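Subject: Structure handover

Hi,

Here is the structure I promised to pass on.

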Amino acid sequence: MPTTKTLREGSTQKRAAILTAARELFLADGFDRTSVDAVAARAGVSKRTVYDYFGDKQTLLQAVADGVGQSLITTIRRILDDTLTDPTEAADLEDTLVTFSMRIATDMLGSAEYATLQRLVRAQARHLPDGAENSMADTPDEALAERFAAFAAAGLLDVPDARLAADQFIALTFGVALNRYGSANAAEDPRVQPLIVEGVRTFLRAYQAK
């Protein structure tokens, strides 16, 4: 059970070193075989510092997963800002949504951070609280829903429920690639892009403003 003690924020540099060391050791040796002593030694801090900052090993594991999840959220928001910042002309909407989806498939789903999160969840699931695989929570879906609502306000989409539209868009594009191939890394698998293109077209047939 994670700690309930009051934890110390402490040095940002030391905290980052502990998280990096823990991440490396959890991935290499697993949760059970990784000791707090080993994490402290690799991070160059005392064992007491690890406990003061994180309380116990399970809370440290959760912090590692959360940190990876937050990094992925940052990537997703950057992609949104690069590709879906402003409503485009209706004729450009398909290309815009394909570009966004391909960036997600390569920059996020094809990233080392995403692979790390998946490995942590698969290998250490019994040590993480229920729903830890959703460390990114609903933030990406909500952010995409906001962009779809903006497109609707500009008369490009007809989306009575923007969050539902976002969920369906994800399922139709990189979501279907994950389900079919177990990966949506478009940079490595040429089968991904045709699925994304067809998914975008299916989405637009349902939601593009007439």
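Some ground rules first. This is a predicted model, so local features need pLDDT of at least 70 and side-chain atom pairs count only at pLDDT 80 or more, while totals for chains, interfaces and linings use all residues. Residues are numbered from 1 along each chain as its sequence is written, and side-chain values use heavy atoms, with hydrogens and water left out.

**The whole chain**

The protein chain has 10 helices and 0 strands (DSSP runs numbered from the N terminus: helices are H or I with at least four residues, strands E with at least two). Of its 210 residues, 44% are buried (under 20% relative accessible area with a 1.4 Å probe, protein chains only; exposed is over 50% and partly exposed lies in between). Among contacts with a separation of 6 or more, 71% are between residues 24 or more positions apart (contact means heavy atoms within 4.5 Å).

**Helix 5 and helix 10**

Helix 5 (residues 93–108) and helix 10 (residues 192–207) have axes that come within 9 Å and cross at roughly 135°. That makes helix 5 oblique to helix 10. For reference, axes are lines fitted to C-alpha atoms, for helices over the stretch in contact, and angles run from 0 to 180 degrees between N-to-C directions. Under 35 degrees counts as roughly parallel, over 145 as roughly antiparallel, 65 to 115 as roughly perpendicular and the rest as oblique.

On the helix 5 side, the residues in contact include Leu93, Leu97 and Met102; they meet a set in helix 10 that includes Ile196, Phe203 and Leu204. The residues of this contact split into 11 nonpolar, 2 polar and 2 charged (nonpolar: Ala, Val, Leu, Ile, Met, Phe, Trp, Tyr, Cys and Pro; charged: Asp, Glu, Lys and Arg; polar: the others, Gly among them).

**Helix 1 and helix 3**

Helix 1 (residues 12–29) packs with helix 3 (residues 47–54) at an angle of about 100°, their axes 11 Å apart. The two are therefore roughly perpendicular to each other. Lys14, Arg15, Ile18 and Leu19 in helix 1 meet Thr49, Val50, Tyr53 and Phe54 in helix 3.

**Gly175**

Gly175 sits in helix 9 (residues 174–181) and is buried, at 12% relative accessible area. Its C-alpha atom is 9.6 Å from that of Ala105, although 70 residues separate Gly175 and Ala105 along the chain.

Cheers
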